[in-house]
There are 2 protein chains.
Amino acid sequence: MKIALTASPPRRSPRGRGGAEARIVRSIGEAIADRRLPPGTKLAEESLAQVFSVSRERVRKVLLLLAQRQVVTLIPNRGAFVAKPTAQEAREVFEARRVIERAVMDKICALPRPLPPAMLARLNDHRAQEEAAERAGDRKALIRLSGQFHLLLAEFAGNGTLATILASLIDRSGLAIAAFERRTAHTCSAEDHRRLIDALAGTGDHTHGAGCGCADAVTLMMTHLDAVEAQLDLDATPDTAVDLKSIFAEDG
Amino acid sequence: MKIALTASPPRRSPRGRGGAEARIVRSIGEAIADRRLPPGTKLAEESLAQVFSVSRERVRKVLLLLAQRQVVTLIPNRGAFVAKPTAQEAREVFEARRVIERAVMDKICALPRPLPPAMLARLNDHRAQEEAAERAGDRKALIRLSGQFHLLLAEFAGNGTLATILASLIDRSGLAIAAFERRTAHTCSAEDHRRLIDALAGTGDHTHGAGCGCADAVTLMMTHLDAVEAQLDLDATPDTAVDLKSIFAEDG
DNA sequence: GGAGGCAATTTTGTGCACAATCATGCCAAC
DNA sequence: GTTGGCATGATTGTGCACAAAATTGCCTCC
């Protein structure tokens, strides 16, 4: 009894044991994000295979994935390198972020007020995490949290496609920051995030009145992104060498 | 004399013979774009390998690439299928396009006037191509040209990163159209493109005065995207079966 | 002393073969 | 007649082995 001559509708992946690859992708991605793997670093297949205790083909697949996200560069017969954005590319990435994050903020502002408690809770929780990392001087955690914050807002905006695009842009802007940040200390913008959360939650200096600070929030986000980009020195060309084994000591 | 302990700066890929993969990606991508491969179609590795006269691993690599672009769906132990967006996903993709293409139009409007002759020439050339395809009733060419038009504008905007993102969104919106378009004929929007070109080139009904129709162009683009999305029936769930061999007869 | 070329080693690329998993058709039982 | 399980065939997943290419070190020559 053949009912369906048609193509079978794909069902969702049950995330069987493909988790191993996802783990490696995440591990390398995070290492790149928090500067343990600076731009230009060579990612040798065999080394990574040993570090993560997987076959070389698996590493190869992961590198292909990361190359699609433009976080590593694949050069034929030469191998994989942590991507090193050009100054132009860096500017493009930040402009793209402004475009998308403005839309994200607009969508959040269009949300019915007051915001759902779950949202406010997650915002406050995030604020607490950032403040804790700031007090502890945990720079790596701060970088990771900063990315997560922007992604959190994109999630609230309710467009998963935009959120995915933004995630990729955040990765790449992290790369740009790693490649072009000035030697001088920079404030890491935790204060900016605080103000943004205040504007969104309405707990800021709008002490009375129904003002939710929506327009403020959009402006704050744009100013925030401008500030981050302004902290870059789009002329430098840094590069360093690292030891893969020591960097991935805790993973594997 | 060891000068550089640092990682070697990656140079650009010379596009050696990786062109074979690019060819297959393009071939499959186009087949999906102009509906020869409807959403849900199974893409068997062995069949594709025979069709393109390459090894199965090559096909596997290509499928992984297309999966990253969300144009095919990979299901473990089941194979690859042409992606079939959900209604929600379709709406998200169109919203993302509105966000990005509004920015693109804004950037084009900020360009110094008059536009460079090369730009105008390409716009007019494209208009001619669309009109020719329209007269010939070549639906497939029209679909391809429509995508190229939006990409052309993104290129003019001068942000390659945004253009790349938009290219992916255009592919996906083509998929959404294939999955959800109403059975009734639709006008294919060549007229919209014409009006857009007029507004940009200043050859429209602003017969005199310096008005370049910039604000008009932005509005036209938004209206255009709304119209395309409005032509979809975000409830249907079509699926068909096709013969891979016959579809790729001219490629290979 | 430095530059250029050559050989050895390391690293990447690719195809093949086998293992694992899933779809299909068949048979038996209810 | 329908449902359930089972065996068979087909398809995908994975590791391995070999081929190709590049980097490195070394030697020779200028």
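How do the residues of the surface near DNA strand C divide into nonpolar, polar and charged? They comprise 2 nonpolar, 4 polar and 12 charged residues, where Ala, Val, Leu, Ile, Met, Phe, Trp, Tyr, Cys and Pro count as nonpolar, Asp, Glu, Lys and Arg as charged, and the others, Gly among them, as polar. This is a predicted model, in which local features need pLDDT of at least 70 and side-chain atom pairs count only at pLDDT 80 or more, while totals for chains, interfaces and linings use all residues. Residues are numbered from 1 along each chain as its sequence is written, chains are lettered from A and ligands numbered from 1 in the order in which they are written, and side-chain values use heavy atoms, with hydrogens and water left out.

**Around DNA strand C**
- Among the 18 residues around DNA strand C, the nearest are A:Arg56, A:Arg60, B:Ser55, B:Glu57 and B:Arg78; a residue is near a strand if one of its heavy atoms lies within 4 Å of it.
- Sugar or phosphate holds 63% of the atoms of DNA strand C within 4 Å of the protein, and bases hold the rest.

**Around DNA strand D**
- DNA strand D is surrounded by 15 residues, with A:Ser55, A:Glu57, A:Arg78, B:Arg56 and B:Arg60 the closest.
- Of the atoms of DNA strand D that come within 4 Å of the protein, 65% belong to sugar and phosphate.
- Phosphate oxygens of DNA strand D lie 2.6 Å from a polar side-chain atom of A:Arg78 and 2.9 Å from a side-chain N or O atom of B:Arg60.
- H3(A) gives the most to the surface near DNA strand D, with 3 residues.

**B:Asn77 and its hairpin**
- E2(B) and E3(B) form a hairpin with 3 residues between them, and B:Asn77 in the turn has a positive phi of about 65°.
- A side-chain N or O atom of B:Asn77 is 3.3 Å from a sugar or linking oxygen of DNA strand C, while a polar backbone atom of B:Asn77 is 3.3 Å from a phosphate oxygen of DNA strand D.
- Strand E2 (residues 72-75) of chain B runs antiparallel to E3(B), joined by 4 bridges, and B:Val72 stands opposite B:Val82.

Methods:
A polar contact is a pair of N or O atoms within 3.5 Å; within protein, one must be able to donate a hydrogen and the other to accept it, and residues adjacent in sequence count only if both atoms are side-chain atoms. Helices (H or I, at least four residues) and strands (E, at least two) are DSSP runs, numbered from the N terminus. Two strands pair if DSSP finds at least two bridges between them.
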